Amino acid sequence: MNTAYYTASLNGCWQLSRFAVGKGSLTAAHTAESIPATVPGDIHQAIRQAGEITDPLIGDQINRLTYLEELEWWYRRTFFLPCKEPGHRYVLWFGGIDLHGRIFVNGEELGETDNAFTPYAYDITDRITAGENELAVAVDCGLHTLLVNADYQKYNPQDPGEQGAPVDWR
């Protein structure tokens, strides 16, 4: 049996908003100030292109940008599906999301990611319609996940940079 696949890239221009960790929402992302962000890409690249920071790889600039890791970032974009073929399945695929992410399609949460090096795929057949659809991805660096998880020590019980001192992420 031959199966025809239609592939559409969602790479390109997205909108990027920032919030204190745990304060972002899909509703807030619609009304918050946003900047353009290229996907694939990263947050540093987007805010650098927006003129908010200088090159993080020059000098000790990266040390001045650690506050960015304490924020939650919301990527949003719309995409257009010309028609929805009966009997076809539609899959949303990510090559990787760094690091902890939550994915939303048309306001419904699809799931979470927790590994930047793992591809993720979601069947979105029942969540999209012919015409305009919205995709949102909320990401944080994982710091919040570690801090709110009572078992955070299982992730990194010793900080090797401190010769085995307990981890203090704050």
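N106 counts as partly exposed, at 30% relative accessibility; on this scale buried means under 20% relative accessible area, exposed over 50% and partly exposed in between, with a 1.4 Å probe and protein chains only. The residue is found in the loop between β5 (100-105) and β6 (108-113), where helices (H or I, at least four residues) and strands (E, at least two) are DSSP runs numbered from the N terminus. Phi of N106 is positive, near 50°, and the residue is not a glycine.

This is a predicted model, with local features needing pLDDT of at least 70 and side-chain atom pairs counting only at pLDDT 80 or more, while totals for chains, interfaces and linings use all residues. Residues are numbered from 1 along each chain as its sequence is written, and side-chain values use heavy atoms, with hydrogens and water left out.

As for confidence, pLDDT (the predictor's own score for each residue, from 0 to 100) averages 84 over the chain, and 79% of the residues reach at least 70. Where pLDDT is low, the predicted coordinates should not be read in detail.

Another backbone feature turns up at P40, in the loop between β2 and α2 (43-49): the peptide bond from V39 to P40 is cis, with omega near 5°. Most peptide bonds are trans, and most residues other than glycine have a negative phi.

Now for the rings. Phe, Tyr and Trp (its six-membered ring) pair if their centres lie within 6.5 Å, with planes under 30 degrees apart called stacked, over 60 edge-to-face and the rest tilted. The count comes to 3 aromatic pairs. One of them is F94 with Y122, edge-to-face at 6.4 Å centre to centre and 75° between the planes. This pair links distant parts of the chain, 28 residues apart, with F94 in strand β4 (residues 91-94) and Y122 in strand β7 (residues 120-123). Both F94 and Y122 are buried.
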